[in-house]
Amino acid sequence: MATPTTSPPARLLRVDVAAEILGVKRSTAYEEIRLGRLRTVQIGRCRRIPTEYVEEYIDLLKRESD
């Protein structure tokens, strides 16, 4: 009997997924990207957000709230 395999967590997130994780609207995420506060990578025509960039953005928000 084969054991079920689980996929590793995604390391490159779509903008809408990153927005959901951050608890903001998709339009807010795109605005933060436009402002350079939330960094992304480009893969062909697709824009993705590495999970470490999400963490960097959260750290930025924490620093700004102090």
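Mentor: Start with contacts, meaning heavy atoms within 4.5 Å. Among the contacts in the protein chain with a separation of 6 or more, 47% join residues 24 or more positions apart. The model is predicted, so local features need pLDDT of at least 70 and side-chain atom pairs pLDDT 80 or more, while totals for chains, interfaces and linings use all residues. Residues are numbered from 1 along each chain as its sequence is written, and side-chain values use heavy atoms, leaving out hydrogens and water.

Trainee: Why is Glu 32 called buried?

Mentor: Buried means under 20% relative accessible area, with exposed over 50% and partly exposed in between (1.4 Å probe, protein chains only). Glu 32 has 11%, so Glu 32 is buried. Of the 66 residues in the protein chain, 24% are buried.

Trainee: What makes the pair Glu 32 and Arg 37 a polar contact?

Mentor: The term requires a pair of N or O atoms within 3.5 Å; within protein, one must be able to donate a hydrogen and the other to accept it, and residues adjacent in sequence count only if both atoms are side-chain atoms. The side chains of Glu 32 and Arg 37 make such a contact at 2.5 Å.

Trainee: Which residues does Glu 32 touch, not counting those up to four places away in sequence?

Mentor: Arg 37, Leu 38 and Tyr 57.

Trainee: In which helix is Glu 32 found?

Mentor: Glu 32 belongs to helix α2, residues 26-34. Helices are DSSP runs (H or I, at least four residues), as are strands (E, at least two), numbered from the N terminus. The protein chain has three of each, in the order β-α-α-β-β-α.
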